[in-house]
Amino acid sequence: MQKRNKRNRKKATANNKQREEFWPEPPKPKSGEKEPVRLNKYIASAGICSRREADKLIEEGKVKVNGKVATELGVKVTAKDNVLVNDEEIQPEEFVYILLNKPKNTISTTNDEKDRKTVLDVIEDATGKRVYPVGRLDRNTTGLLLLTNDGELAHRLMHPSYKIRKVYQVETNIILSDEQLGLLRKGVMLDDGAARAYKVDRHKVLANVIFMSVIDGRNHQVRRMIQAVDAEVISLKRTIYAGLTTDDLRQGRWRYLTRKEIHELRQLVKLLDKKSLRL
Ligand code: URA
């Protein structure tokens, strides 16, 4: 028991070290903010939904400020105001942004039907924050997964209109022909519509490995695209997401994004307000 406590303490110190290394000055908690912010932004910063969804909640009369139903979309609030959504009090949180190099055989969805421990639980144990995956990776897919409690940023990164590029390293059961690669570039028909790879390159050394760059993020999309050209995926790894890579991280490890990386992500999805410029 004592040994385990010692191990846990060591782990916590290692995580703190990681945090210091990558994010030397954590941002100030949002709940301490004095400046008034628009109600939709305040709700989104509690991590429950995007600003647009918050507007809908306001329009539907589901938001109360200091006991009164909010009717104006543009109303501003501060941390001193009491804000209820569906009669539950909300508190804006300090945002965390995490880059995980997901190992194989791990679950990254929010609710596993068999109630198994997920990568989200592991991050929550270490940070004390409930984070959500930005997009999904199958149980046996490895590689880059972003996790955050910033609902607005996550929502935009997943929205097809921002055209966020993902690159997958795909090992296949056969060596794909030039014709098969051409089909992937041109587009293949899946049961939920056409899908294409914006770029396909062969691995320089391994003949049965390709790099595929895709924009949309439909369920099992890469596996289904490979099946559509009569091959099977043996292993799948996401190597790039929105310009970020796992180059500096071993599988199973995670780190906080740097301020520069957060700033660049916000720029990508046109979320540049004064606060983010001060990062
Ligand atoms: N495409 C897939 O088929 N699986 C993943 O995990 C990600 C993209």
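Reply: Domain bounds come from an automatic or database domain assignment. The model is a predicted one, in which local features need pLDDT of at least 70, side-chain atom pairs count only at pLDDT 80 or more, and totals for chains, interfaces and linings use all residues. Residues are numbered from 1 along each chain as its sequence is written.

Me: What makes the ligand lie between domain 2 and domain 3?

Reply: Domain 2 (99-156 + 248-277) and domain 3 (165-241) both contribute residues to the shell around the ligand, so the ligand lies between them.

Me: Which residues are around the ligand?

Reply: They are L137, D138, T141, H220, Q221, V222, R223 and L236; a residue is near a molecule if its C-beta atom, placed from the backbone, lies within 6 Å of it. Helix α7 (residues 221-228) gives the largest share, 3 residues. Helices are DSSP runs of H or I with at least four residues, and strands are runs of E with at least two, numbered from the N terminus.

Me: Which residues of α4 are called buried?

Reply: In α4 (residues 119-127) they are V119, L120 and I123. Buried means that 20 or more other C-beta atoms, placed from the backbone, lie within 10 Å of the residue's own.

Me: Why are they said to be on the same side of α4?

Reply: They cover an arc of only 100° around the axis, which puts them on the same side of α4. The arc is taken from the directions from the helix axis to the C-beta atoms.

Me: How many bridges join β10 to β14?

Reply: Two strands pair if DSSP finds at least two bridges between them. β10 (residues 166-172) and β14 (residues 209-214) have 6 and run antiparallel, so by that definition they pair. In β14, F211 is the bridge partner of Q169.

Conventions:
A residue is buried if 20 or more other C-beta atoms lie within 10 Å of its own, exposed if 12 or fewer, and partly exposed in between; C-beta atoms are placed from the backbone.
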